[in-house]
Amino acid sequence: MEVLAALNLGDFAQTFSKMGMFPVFDLAYYIVSILYLKYEPGAVEVSRRSPVASWLCAMLYCFGSYILADVMLGVSPLDYFQYNSHILLASAVWYLVFYCPLNLFYKCVAFLPVKLVLVALKEVVRARKIAAGVHHAHHAYHNGFFIMVIIGYVKGSGVALISNFEQLLRGVWRPETNEILNMSFPTKASLYGAILFTMQEAQWLPVSKGTLILIFTLFMATCKVTMTARHSHGSPFALIESWVCHLLFGSALGGSEEDHHHAAPSSPLKSKEELSEGTRKRKAKKAE
């Protein structure tokens with residue numbers, strides 16, 4: 001803490017933690033989320049065949065964490081839809097990503113340097129959502145530490161935890177992609193982040209909430225930008241998880257055979273990008 005005071009990071013962290021997310025950071029969050037939706041196999045076809053279904057999927061990608069957290073806290077799942085500006089902004093992004101002439105908007109936001117900036121901004125929102133989820137649960141259940149972790153985890157994981165339901169809206173059923181069975185790095189990081197913010201909320205960590213938000217945001221943004229730039233989907237926690245699971249459960253995380261069997265599902269984004277890019281190229285050739 002003395003180092004933080006010397007570098008004047010405490011005031012910066014406090015200012016950063018109170019900075020508004022709308023519209024810049026939320027816009028980046030919506031763009032990256034809907035961009036990932038477009039990578040999903042069949043998502044483009046659904047947007048042509050049923051725009052309503054495509055729009056609902058996009059709303060789940062943008063607001064799925066709020067909906068699931070509200071359901072778990074006994075609030076109406078439609079509660080977040082009262083924020084008209086957020087819904088309209090996300091809808092505008094959905095329309096531009098899927099229906100912009102010549103695919104210009106998609107090409108701009110999918111351009112790697114631009115995408116890296118958007119990914120970094122999205123992680124700012126993720127960290128803030130985890131902290132807000134833990135804080136909200138703390139007010140509802142003051143000593144419910146497990147509830148605080150769960151709500152923070154749900155808020156940070158986004159649509160991942162209800163991805164199977166979202167797939168049903170697109171007419172797809174792939175239970176093997178269940179996020180609980182094959183947790184991606186953002187989902188794991190959201191869980192660990194929820195634990196840290198819960199410890200801070202319970203005053204078990206000697207650090208302010210603003211400082212923790214800043215540190216966690218920098219960690220997430222650095223990891224996600226690096227992974228996106230390198231098209232990598234491994235987890236920085238892999239070595240630690242393997243060691244801990246071997247110590248506690250007698251085997252590495254998932255086991256060697258499971259790692260081979262689930263190698264493809266554990267890195268869906270890369271394969272989806274490649275598949276989507278190949279599909280677009282083939283369609284372009286046919287059009288010529």
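**View 1. Most connected members of the largest nonpolar core.** Of the 65 residues in the largest nonpolar core, those that touch the most other members are Y30, I34, L37, F63, F98, F185 and F197. The greatest contribution to this core comes from helix 3, with eleven residues. A nonpolar core is a set of buried Ala, Val, Leu, Ile, Met, Phe, Trp, Tyr and Cys residues joined through side-chain atoms within 4.5 Å; buried denotes under 20% relative accessible area, exposed over 50%, and partly exposed in between (1.4 Å probe, protein chains only). Helices (H or I, at least four residues) are DSSP runs, numbered from the N terminus. The structure is a predicted model, in which local features need pLDDT of at least 70 and side-chain atom pairs count only at pLDDT 80 or more, whereas totals for chains, interfaces and linings use all residues. Residues are numbered from 1 along each chain as its sequence is written, and side-chain values use heavy atoms, with hydrogens and water left out.

**View 2. Surroundings of L37.** Residues up to four places away in sequence are not counted here; L37 then touches A43, S54, C57, A58, Y61, F98, E166 and R170. Contact means heavy atoms within 4.5 Å.

**View 3. The salt bridge between E40 and R170.** The side chains of these two residues meet at 3.4 Å, N to O. A salt bridge is a side-chain nitrogen of Lys or Arg within 4 Å of a carboxyl oxygen of Asp or Glu. Because E40 lies in the loop between helix 3 (24–39) and helix 4 (43–49), and R170 in the loop between helix 10 (163–169) and helix 11 (185–201), the pair ties together parts that are 130 residues apart in sequence. Both E40 and R170 are buried.

**View 4. The salt bridge between R174 and E40.** The side chains of R174 and E40 meet at 3.6 Å, N to O. This pair links distant parts of the chain, 134 residues apart, with R174 in the loop between helix 10 and helix 11 and E40 in the loop between helix 3 and helix 4. R174 counts as partly exposed at 25% relative accessibility, while E40 is buried, with a relative accessible area of 9%.

**View 5. The salt bridge between R126 and E123 within helix 8.** The closest N and O atoms of R126 and E123 are 2.7 Å apart. The two residues are three apart in helix 8 (residues 112–140), so about one helical turn separates them. R126 counts as buried at 7% relative accessibility, and E123 is buried with a relative accessible area of 1%. Elsewhere, salt bridges that share partners join E40, E166, R170 and R174 into one network.
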